[in-house]
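Student: Please take a close look at a single part of this model. Which charged side chains pair up, and what surrounds the strands that carry them?

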Amino acid sequence: MDYRRQLISNGNPMESVVGFSRAVRVGPYISVGGTAPVDANGKTVGIGDVYAQTRQCFEIIKAALEEAGSGLEDIVRTRVILTDIDNWKAAIEARKLYCRDTRPVDTIMAINRFVNPEWLVEIEADAVVATRD
């Protein structure tokens with residue numbers, strides 16, 4: 001088995017400053033770190049709209065998984081982290097667009113705030129690249 005460590009970047013300049021990767025793949029396992037609702041320029045997408053922000057987070061996660069040789073179909077766990085737990089229904093409506101068929105386990109939680117106060121949600125995902133028949 002090949003268990004080399006593959007670092008996945010999305011070009012965020014803070015990756016090298018802070019020392020993190022968008023995702024890390026080791027063998028069949030992929031972890032995607034806290035994904036914020038930002039565009040390619042680092043600007044917040046969907047200010048005030050948790051549904052739009054959740055969709056943006058999943059688009060970033062999808063791209064990271066694809067770069068790692070995987071896809072949404074391999075997600076086994078998601079964590080939806082909100083600044084207001086009352087937004088959970090809108091976040092889950094957006095999550096369903098990406099996870100309805102694979103039905104990964106999920107945790108929904110709330111925190112006081114993120115680094116950027118415009119962010120209403122961050123999402124983490126774990127995937128395992130399954131053997132296909």
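Tutor: Glu-124 counts as partly exposed, since its relative accessibility is 25% (buried is under 20%, exposed over 50%, partly exposed in between, with a 1.4 Å probe and protein chains only). The model is a predicted one, in which local features need pLDDT of at least 70 and side-chain atom pairs 80 or more, while totals for chains, interfaces and linings use all residues. Residues are numbered from 1 along each chain as its sequence is written, and side-chain values use heavy atoms, without hydrogens and water.

The side chain of Glu-124 meets that of Arg-79 in a salt bridge, with 3.4 Å from N to O (a side-chain nitrogen of Lys or Arg within 4 Å of a carboxyl oxygen of Asp or Glu). Arg-79 belongs to strand β4 and Glu-124 to strand β6, and this pair joins distant parts of the chain, 45 residues apart (helices, H or I, have at least four residues and strands, E, at least two; both are DSSP runs numbered from the N terminus).

Arg-79 also forms a salt bridge with Asp-126, where the closest N and O atoms are 2.9 Å apart. Asp-126 is in strand β6 and Arg-79 in strand β4, so this pair ties together parts that are 47 residues apart in sequence. Asp-126 is buried, having a relative accessible area of 17%, whereas Glu-124 is partly exposed. Taken together, Arg-79, Glu-124 and Asp-126 are linked in a network of salt bridges.

The model has four salt bridges by this rule. Another of them brings together the side chains of Lys-96 and Glu-93, at 2.9 Å from N to O. These two residues stand three places apart in helix α3, which means that about one helical turn separates Lys-96 from Glu-93. Both ends of the pair are partly exposed: Lys-96 has 26% relative accessibility, and Glu-93 has a relative accessible area of 40%.

When its neighbours within four places in sequence are left aside, Ile-61 is in contact with Val-32, Thr-35, Ile-75, Ile-123 and Ala-125 (contact means heavy atoms within 4.5 Å).

Arg-103 lies in the loop between α3 and β5 (105-110). Its phi is near 50°, a positive value in a residue other than glycine. Arg-103 is exposed, with a relative accessible area of 71%; Asp-126, by contrast, is buried at 17%.
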